[in-house]
Structure formats: C-alpha cells, structure tokens
Amino acid sequence: VTLGELVSYVAVYNFMTLSNGPVMISLLEQTLVRKHHAIDLDRLLFAFTIGRVTPGPASSYVASIGFMMFGWIGALATTAAIVAPAYLVLPLVKGYERVRRLRGVGNFITGLIAAQVGLIFCSVVRLGREALGSFTAVSIFGVTFLMTSVFRQRAPVALAVAGVTGAAFRLWQS
Amino acid sequence: MSLTLAATFGYARLQHSSMLPAITAVLLPAAVALVATAALKLGQETFGQRVSIAIAALSLALGLLTQLNPALLLLGGGLAGLLILPVSPETSVAAETSSASSSGSNP
C-alpha cells in the first residue's frame, strides 16, 4: 500500500462512514490487515485504543496508523484526509439544509447506520477470535466492556482498570 | 491528536522492548471491548425500528459469512433503508440524530 492509496482509503471510508471511528476500524482492518497485509492487527488495534483514550476526534487514530506506516508524512497526510472533508463540504451545507428534510435521505442514512452497526459487530467477532485467546484476555475484555458500557466510564479509566486486571491475573497465574 | 502521535512514537520506540508483549496483552482485548461498546451505543441509538435491526443483522451475517467488500455492505444498507423503511416524518430526524452522535469526540 502506497501513501496515496492509504490516504484515499482513509478519505473514502471517512466519507462513507460519516466519520465514525469504530466503523472505519472495521473497513481499515478488512483492507489494510486482511487484504493488503500492510499493517498487523496488533498495531492497528494499538492505534485505535490510543486514539480512543486521548482527547480529540474519535477518528484521530488514523494519524497513528499513518505514522506507523509512513512516519510523520503519513500522519500528516491521513490527518488531512480526515479533516479536509469537514471544510470542503462547507459550501454544500446550504444545499444539504434543503435535502436533509427529504424522507428518502433520512431513510438512506438510517439504513446506512444500521449496516454500520452490523459491520462493527462483525469486526468485534473477527477481532475477538484473534485477540481473546486466553482467560486473561477474556477477563480484560469483560472488565473494559463492563466499565465502558454498563458503568459508563471513560475509555482511559476503563483501560487503567483493565491494565490492573491484566497484571493481577498474570501475578495470580504465575 | 498530538498525544495520540506521542503515544504512537513511544510505541514505535518500544518495538524491541520486553515490555511490549505485556502492553499488547492488555491493549488488544481492551480495544475489542471499546469497539463492542461503540457498536452497542450506536445500536441503541439506531434500533428504533425492526427494519433497522434486520439490516444490521443481515450486514453482520454477510460480513462474517462472505468476502463482500464492507463498502458494498454499507451502500446496500443505505439502499435497503431507502427502499424498505416506512416513510415517516420521524425517520429523517432520527437519522440526523444518530449520524451526529456517531461521529463524536473522545473525552
């Protein structure tokens, strides 16, 4: 994968997913990890997690992916691919105001978002098969999931608790 | 953004460190959990109608069982919504709300 290809993937996926970070990870995993073997799954998930626990837009982790693959130039180019559309569509906002009330548009977006949910769950299953191979890993997954979805804690807090859980299990096992 | 890049830079420097496997062992399952939580939240906001649930389930099944390009699945979901979802004034407003909340920021 060349830098140009990476930027075009990011730009297209960003547009298609309405800049939804978790859906983009599903598409990027499929393209960069499974199809092109351009980056390994560990590094992709590291980028995603760091992107989630640091302040900023939810899709900022693509800068991390860009950095891992092409260094600083990759980080800058992928960031531009994420940020630029937000400015480029400004002239279209007036037109969108007219279109957004159309029921067909609303239905299309509802269907698109429903498909996004399915795709994210699909990613969870695929990633889970690879990342949850041990009791410790399942425990860390469970703790993080509970912290973020049930107790509504922020990702950095959940990650800290998950880290402590992982360390405790390792100590217990040894 | 700069914090994200700083952490990535640190990760790159740790590539040959003995600490990396321990960090990875925590981060990977946690990442899967974060993705699962995002799916759950988006699902809770979107699943007002049975058709939406059906589209999500079909998208999940096709994603797992076939090699279809995910971009096509998204497009198919949108078209299915356009063709199947009932025409109600609330739909466009719901879609607007969901799309706005799906592209949020981290704390």
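Predicted model: local features only at pLDDT ≥ 70, side-chain atom pairs only at ≥ 80, totals over all residues.
1. Salt bridges around Glu29(A). The side chain of Glu29(A) meets that of Arg34(A) in a salt bridge, at 2.4 Å from N to O, and Glu29(A) also pairs with Arg126(A), here at 2.9 Å from N to O. The latter pair links distant parts of the chain, since Arg126(A) belongs to helix α6 of chain A and Glu29(A) to helix α2 of chain A, 97 residues apart. Glu29(A) counts as buried because its relative accessible area is 1%, under the 20% cut-off, and Arg126(A), with a relative accessible area of 12%, is buried too.

2. The remaining pair and the network. Glu130(A) and Arg34(A) meet through their side chains in a salt bridge of 2.6 Å, N to O; Glu130(A) lies in helix α6 of chain A and Arg34(A) in helix α2 of chain A, so this pair ties together parts that are 96 residues apart in sequence. Through shared partners, the salt bridges join Glu29(A), Arg34(A), Arg126(A) and Glu130(A) into one network. Arg34(A) is partly exposed, with a relative accessible area of 29%, and Glu130(A) is also partly exposed, at 48%.

3. The interface of chain A and chain B. Between them the two chains bury about 6600 Å², of which 76% is on carbon and sulfur atoms, and the contact takes 76 residues from chain A and 71 residues from chain B. Zero salt bridges are counted between chain A and chain B, whereas four residue pairs are found in polar contact across the interface, with both residues at pLDDT 80 or more. Several elements of chain A, among them α2 (21-35), α4 (61-88), α6 (103-131) and α7 (135-150), each supply at least two residues of the side that touches chain B; α6(A) gives the most to that side, with 26 residues.

4. A residue of chain B with partners in chain A. Thr37(B) has its place in helix α2 (residues 20-46) of chain B. Once neighbours within four places in sequence are left aside, Thr37(B) is in contact with Phe145(A), Thr148(A) and Ser149(A). Thr37(B) counts as buried, at 4% relative accessibility.

5. Helix α3 (residues 50-65) of chain B has 16 residues and reaches 22 Å from its first C-alpha to its last, which is close to the 22 Å expected at 1.5 Å a residue. Within this helix, Ser52(B), Ile55(B), Ala56(B), Ser59(B) and Gly63(B) are buried; they cover an arc of only 95° around the axis, which puts them on the same side of α3(B). On the face turned away from that buried side are the exposed residues Arg50(B), Leu58(B) and Leu65(B).

6. Positive phi values in loops of chain A. Leu18(A), although not a glycine, has a positive phi of about 55°, and this residue sits in the loop between α1 (3-16) and α2 of chain A. At 27% relative accessibility, Leu18(A) counts as partly exposed. His37(A), found in the loop between α2 and α3 of chain A, likewise has a positive phi, near 50°, in a residue other than glycine. His37(A) is exposed because its relative accessible area is 63%, over the 50% cut-off.

Key:
Residues numbered from 1 in each chain as written. Chains lettered and ligands numbered in written order. Heavy atoms only, no water. Helix = DSSP H or I, 4+ residues; strand = E, 2+ residues; numbered from the N terminus. Buried < 20%, exposed > 50% of the residue type's maximum accessible area, 1.4 Å probe, protein only. Contact = heavy atoms within 4.5 Å. Expected span 1.5 Å × (residues − 1). Arc of directions from axis to C-beta. Buried area = accessible area lost by both parts, 1.4 Å probe. Salt bridge = Lys/Arg side-chain N within 4 Å of Asp/Glu carboxyl O. Polar contact = N/O pair within 3.5 Å; in protein donor to acceptor, adjacent residues only side chain to side chain.
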